[in-house]
Amino acid sequence: MICHHYQKGDCRSCQWLEKPYEQQLAEKITHLKHQLSHLNCEKLVWFSPFQSTQTEFRNKAKMAVSGAVERPIFAHPQGAVDLCDCPLYPTSFKRIFPIIKDFIGRAGLVPYNIEKRKGELKYIFLTESHATGKLMLRVVLRSESKLPLIRRELDGLLARLPQLEVVSVNLQPQHAAILEGEEEIFLTKQQYLPENFNNVPLFIRPQGFFQTNPNVAAGLYATAQEWVKHLPISKLWDLFCGVGGFGLHCAKILKQTQSQPIALTGIEISPSAILAAQKSAQTLGIEQVEFQSLDAANFALNQTGNHPDLAIVNPPRRGIGQKLSEFLNEMQPRFILYSSCNAVSMGEDLRYLTHYKATKIQLFDMFPNTAHYEVLVLLEAHQG
């Protein structure tokens, strides 16, 4: 990938840009194997890394806004250089950003000046559905003072961007490096951006986590389906479930391959993500499903019976931790499907999961040109 921002030193987010892609993958595999070196992995099946395209793979832009109201700058949250032509974004974004900048000027959204603590507009988030090409725009403001002007100019923006389905304002009043606040004000009737991976309907909603590399995410979910479809599973938990991608994919394939009913429980602390997961389950027609907005670890630790055959865990970077790992040892679902964005914390968790052996593993290059990656591991309880 050629990037003039990197060449000039203006942006170094893609810190591995000068490494050949095969070398990047080799170094990630080496790093992953090092995190698992303490395990007995003699029978662990390693699948080839799931590769990503190098350009235009992101479905979302998180842009800090600076400059002047008539000439706003869309930069990386830790930078000050306009990155509207970043090669990681879809080509369509290059046509959309100027229209959004014009909207900012018409609505008088003065970019927030950190040093002076003046201005209103802090960030814009633009998301595109990989399935439909439809868009969601979120505008992060310091206060509600500009809402009347935004509403006044909204029809003009929607006329110029007919693919824009969801528009919202997020209020973040704090003088701190926080991307968004708790309050979300929807300016459109539509509050969900429909997405679809592997014929499983998913929905993107403000304040709900969604993978930013759709092609690799679809491959991750498809692999989970493939690994579980012939396993003896009738009840599954999806902990840290987000919008329900793993649980819904697995429940769908198990429903197709098994004669017995499939019961799915999904737990995620984000209420917004749970609303999206519930909408997906309804659209998909899965009946025995329950998504709840709870702390995933607390939910699991408070369960005393009716345990699952499969526990799916997809924790944040900190991992699931010793307490939940040891609880899973005691509860002992037959299988655990562990998806991780941090192999270091996953490696520590696997130290605690002493009643399990890893049987399958695959690296997913969700973040090419960086040291980051995702990994999926299937664990099976020791018998006897």
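Colleague: Over the ring of which residue does the charged end of K279 sit?

Modeller: This is a predicted model, in which local features need pLDDT of at least 70, side-chain atom pairs count only at pLDDT 80 or more, and totals for chains, interfaces and linings use all residues. Residues are numbered from 1 along each chain as its sequence is written, and side-chain values use heavy atoms, without hydrogens and water. A charge sits over a ring if NZ of Lys or CZ of Arg is within 6 Å of the ring centre and within 35 degrees of the ring normal. The charged end of K279 lies 5.2 Å from the centre of the ring concerned, that of Y192.

Colleague: How are the rings of F47 and W227 paired: stacked, edge-to-face or tilted?

Modeller: Rings of Phe, Tyr and Trp (its six-membered ring) pair if their centres lie within 6.5 Å; planes under 30 degrees apart count as stacked, over 60 as edge-to-face and the rest as tilted. The centres of F47 and W227 are 5.5 Å apart and their planes stand at 40°, so the pair is tilted.

Colleague: Is W227 buried or exposed?

Modeller: Buried means under 20% relative accessible area, exposed over 50%, and partly exposed in between (1.4 Å probe, protein chains only). F47 has a relative accessible area of 32% and is partly exposed. For W227 the value is 5%, so this residue is buried.

Colleague: What is the angle between the planes of F197 and Y221?

Modeller: Both F197 and Y221 are buried. They form a tilted aromatic pair, with 6.1 Å from centre to centre and an angle between the planes of 35°.
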